[in-house]
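The following exercises concern a single predicted model. Please examine the sequence and the structure before reading the solutions.

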Amino acid sequence: MERINQLVRANIQKLQPYSCARDEFSEAEGILLDANENPYGSNNRYPDPYQRALKERVAELRKVAVDQIFVGNGSDEVIDLLFRVFCEPAQDKCLIFTPTYGMYEVCAAINNVEVVRLPLLENFQLDVAAAVERLSDHSIKLTFICSPNNPTGNAMKLCDMEQIIQASRAIVVVDEAYIDFSGQPSRTAWVERFPNLVVLQTMSKSAGLAAIRVGFAIANESIINWLNKVKPPYNVSTPNQSIALQTLKNYEAIQQNCSSILAEKGELHHQLNALKSVVRIYPSDANFFLVKVTEAIEVYKALLHRGIVVRNRHSVISDCLRITVGSTEENKLLIETLQQIENEKSTVY
Ligand SMILES: *Cc1c(COP(=O)(O)O)cnc(C)c1O
């Protein structure tokens, strides 16, 4: 894909990627004396560098081609690799819509890439007009849209995302870490239509596998090939590939688990709403709520003191806490503790 290749950094275009022993013999059959492995043991062989078995299952579930999938050591690895492929340090830029996931800025800083920040509108939707205007700057090589967005919780309007993807001459990333909790269908449906679109998904949230660090990029084959050239050869370990695959084999269990979380979410919303200290619960398409409370820092500290950890987002949206939907028991304890905190406060005054 010529258009994509032209966006790739010159040094990456020239890169002769590391050729690992298993590139040539993927089947891992026969007498393997090619990779200096130890002949003894059950974890003695290097992993499949291209995670073929796992990708086949993802392709089936997400209705995309195997060649349109990249597997990363968490989606965080993919974010970093995208910077390394497409952004010339100290020259190119990225565009983000704030407040959003913190890793985009951290990866930009590590790669010495300037960040253009556009605030989300008051309803936390994308400012399309401002984005289109900024995208006339062709040094913006990566645009990140997080949908559903962390920490606000809302999914972005499809027509807004579409306009931004069309307006960009470079890469647009739609981060779908929370898509399985949302009623909105995945943007993987647009991968055929938009060669510059990268959809990020992860097994850390809806699949309950944050510990194993498996995330995906789903995109045009040409983008996937560039990511493959730059990634560490054995970026996802064999046990992690295997746990991911086993979990995806029983996709119904993942869906059931998501449904229970969504049921808990409804109950939690109801309970939070009844609290005096809760000023506002923002609409959520994810497995968490952004909640405006009276004096967020105080509530945050009081919860922490009682062993309940929520995310203090006061510095990005004033008086807001981000609260993950937990188990029935955890949510019950959260509500009881918040009630206690309210009661103690009212006796002091
Ligand atoms: C949690 C989260 C991720 C997940 O990252 P992993 O590295 O796959 O665990 C990605 N993007 C957003 C917006 C998130 O909130």
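**Exercise 1.** Which residues of strand β1 (residues 69-72) point one way, and which the other way?

*Solution.* Ile69 and Val71 point one way, whereas Phe70 and Gly72 point the other way. All of them are buried, that is, under 20% relative accessible area with a 1.4 Å probe and protein chains only. Strands are DSSP runs of E of at least two residues, and helices are runs of H or I of at least four, numbered from the N terminus. Next, β1 and strand β7 (residues 215-219) run antiparallel and are joined by 4 bridges; strands pair if DSSP finds at least two bridges between them. Within β7, Ala217 is the bridge partner of Phe70.

Residues are numbered from 1 along each chain as its sequence is written, and side-chain values use heavy atoms, without hydrogens and water. As the model is predicted, local features need pLDDT of at least 70 and side-chain atom pairs pLDDT 80 or more, while totals for chains, interfaces and linings use all residues.

**Exercise 2.** Locate Ser147 and explain why Ser147 counts as buried.

*Solution.* Ser147 lies in the loop between β4 (140-146) and α8 (158-167). Ser147 counts as buried because its relative accessibility is 1%.

**Exercise 3.** Which residues are closest to the ligand?

*Solution.* The closest are Ser75, Thr202, Ser204, Lys205 and Arg213. The residues of the shell around the ligand comprise 4 nonpolar (Ala, Val, Leu, Ile, Met, Phe, Trp, Tyr, Cys and Pro), 5 polar and 4 charged (Asp, Glu, Lys and Arg) residues, Gly counting as polar with the others.

Technical notes: Buried < 20%, exposed > 50% of the residue type's maximum accessible area, 1.4 Å probe, protein only. Near = heavy atom within 4 Å.
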